[in-house]
Amino acid sequence: MGFMAAFEKFAEKTLVPVAAKLNSQRHIVAIRDAFILSFPITLAGSLIVLLNFAVLAPDGFIAKILFLHKLFPNLADLQSVFSPVLNGSVNILSMFIVFLVARNMAISLKADELLSGLTGLSVFFIIYPPYTNVDGANFLTTQWVGAQGLFVALIVGLLVGELFSKLSKSKRLQINMPDSVPPAVSRSFKVLFPIIIITVLFAIVNALINAIYPDGLHGFIYAAIQTPLKSLGTNIVSLVILAIVSNLLWVFGIHGPNTIAAIREAMFAEANLENLNFVAEHGTAWGAPYPVTWAINDAFANYGGSGMTLGLLIAIFIVAKRQDYRDIGKLSIAPGIFNINEPVIFGLPVVLNPILIVPFILVPAINIIIGYVAIVSGLIPPIAYSVPWTTPGPLIAFLGTGGNYIALLLGFVCLAVSTLVYLPFVIAANKANAVAYGEQKSDSDVSA
Amino acid sequence: MKKLLLVCAAGMSTSLLVNKMKDAAKEKGVELEIFALPVSECQKVAHEVDVVLLGPQVRYQKPQVEEIIAGRVPVEVIDMRAYGTMNGKAVLERALELIA
């Protein structure tokens, strides 16, 4: 226990403060919460892609299983009914993000959140490439409102949120209305000058950048920041490192996926959306532009939640003799199927458990590599359809590949691998704690 | 009626505990409103709750929550073991102690 105590002390001194910083630093929180808030909308878009190509397309896998196209010959026509959902969700993600980031910044700086968000959206289009006029009608490119504009959206959101909150606190810039003026009116007058200053400022910045760099701010940021970061993210080494860091945080009882969410989203959001758009265009996951994304983790290395603890639960049911292990196992299996595993992490616990932390970190790394090898070797297509992380394990692999049965099978192989790796550790944990357990139980009864 | 706020990352696992606590409250015959929210949303209800409990996985966010609550009501991190075993009764009793 001496080693473990030293280990814990080390973690509380180094890792915990870093995690606390990451989770309370307002810029990171603003980005993370923006992605969390926009998630239901992007999910709606992803589900429509799944519906269109799995159910409604004649060669979709669900259509094939149920012979839908024989029952309803014109089913494919319905695709055009649903596909506009994509235009209103993932294809304009950057607009949501810029609004939300600027709003979140204002919330943490205690300024007018709604008007800060709107100013963010306004600035996003001030620096947008200008209209092109074709036959008397004006057109705006859709290139930067979706995935490719994400970084501009993040940067603009952060800058506007910061500037707006600072400027709107300056008493000299406020126009105060008499009490007889309705609150909605006086609210907008209060921040009138800050908004004018911000919009004019960005218009000038935009003009300067355009003079130097003809592709404009969007093109510049995409080439200078977003593309390098994307290529940094979409490779196997980054994927494994991210997974290890995320699971390592859980070992100290810190919510890992949440802590790395801002970094992870920034790295993978564009790749995920490009994959989804590829599927929407081609109707298949084969040949998707970014084979290596965080989706591999969800599809093969996150069953039961972080640490792939579904394997741990199965191992417990097979070999555990300790009653508390079996009790926690029973309690955890239902949420575990949907990849929620706090009961396992805090109940067994995995947290600071010198034996279980080894497989907890090892298993996801192994399974990510298995999934990666299967994809790059062409055994299965990339995980291009996005599937909610709460979907039961192997189904993520199956649906994510657009209904590939080998991927489904591989999902079960990964589950077996995780169980096998956990087994010896569960046996060891049972032996190691068999003596200490008697004391512990009477202990927890008092505190509980 | 007293209001009890549980805070965690996304509100997923904590809502499990909330259900267990509601059952325990019913059994005990205590009238209580118990609900779970992510940290990012607890500002909105900060002025109307009587006690705030944090999931152990977000214990490092305690300073943030304390800042929001500003010493008005007790803020505490839920015991890891009680959280992991989803021991609604134990957590409820601790919360009642804090309110009392």
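A residue is called buried when its relative accessible area is under 20%, exposed when it is over 50% and partly exposed in between, with a 1.4 Å probe and protein chains only. By that rule A:Asn247, with a relative accessible area of 4%, is buried. This is a predicted model, in which local features need pLDDT of at least 70 and side-chain atom pairs count only at pLDDT 80 or more, whereas totals for chains, interfaces and linings use all residues. Residues are numbered from 1 along each chain as its sequence is written, chains are lettered from A and ligands numbered from 1 in the order in which they are written, and side-chain values use heavy atoms, with hydrogens and water left out.

**Chain A as a whole**

- Chain A holds 24 helices and two strands, where helices (H or I, at least four residues) and strands (E, at least two) are DSSP runs numbered from the N terminus.
- The C-alpha trace of chain A spans about 75 × 60 × 45 Å along its principal axes, and 51% of the 448 residues of the chain count as buried.
- With contact taken to mean heavy atoms within 4.5 Å, residues 24 or more positions apart account for 72% of those contacts in chain A that have a separation of 6 or more.
- The accessible surface of chain A, from the Shrake-Rupley method with a 1.4 Å probe, comes to about 19,900 Å², and 70% of it belongs to carbon and sulfur atoms.
- Counting Lys and Arg as positive and Asp and Glu as negative, without His or the chain ends, and placing each charge at NZ of Lys, CZ of Arg, CG of Asp or CD of Glu, chain A has 23 positive and 22 negative side chains, with the centres of the two sets 7 Å apart.

**Nonpolar core and cysteines**

- In soluble globular proteins, nonpolar side chains tend to be buried together.
- A nonpolar core is here a set of buried Ala, Val, Leu, Ile, Met, Phe, Trp, Tyr and Cys residues joined through side-chain atoms within 4.5 Å; the largest one has 160 residues, and those with the most contacts inside it are A:Phe300, B:Leu4 and B:Val52.
- Helix α10 (residues 150–169) of chain A provides the largest share of this core, 10 residues.
- Apart from neighbours within four places in sequence, B:Val52 is in contact with a set of residues of chain B that includes B:Leu5, B:Val7, B:Val65, B:Ile69 and B:Glu76.
- If a disulfide is a pair of cysteine sulfur atoms within 2.5 Å, the count over all chains is zero.

- A:Asn247 belongs to helix α14 (residues 236–251) of chain A, and, not counting residues up to four places away in sequence, A:Asn247 touches A:Ser306, A:Gly307, A:Phe360, A:Ile361 and A:Pro364.
- A:Asn258, in helix α15 (residues 256–259) of chain A, counts as buried because its relative accessibility is 11%; beyond residues up to four places away in sequence, A:Asn258 touches A:Asn23, A:Arg32, A:Ile36 and, in chain B, B:Ala9.
- A:Ser89 sits in the loop between α7 (84–87) and α8 of chain A and counts as buried at 2% relative accessibility.
- Leaving aside neighbours within four places in sequence, A:Ser89 is in contact with A:Ile41, A:Gly45 and A:Phe96, while A:Ser89 and A:Pro40, 49 residues apart in sequence, are 9.3 Å apart in space from C-alpha to C-alpha.

- Most residues other than glycine have a negative phi, and most peptide bonds are trans.
- The peptide bond from A:Leu348 to A:Pro349 is cis, with omega near -10 degrees, and A:Pro349 is placed in the loop between α20 (342–347) and α21 (357–376) of chain A.
- A:Lys110 has a positive phi, near 60 degrees, and lies in the loop between α8 (93–108) and α9 (113–126) of chain A, where A:Lys110 is exposed with a relative accessible area of 57%.
- A:Asp135 also has a positive phi, near 50 degrees; its place is the loop between β1 (132–134) and β2 (137–139) of chain A, and A:Asp135 is exposed, with a relative accessible area of 80%.
- A:Ala203 is found in helix α12 (residues 192–212) of chain A and counts as partly exposed at 35% relative accessibility, and its C-alpha atom is separated by 45 Å from that of A:Asp77, 126 residues apart along the chain.
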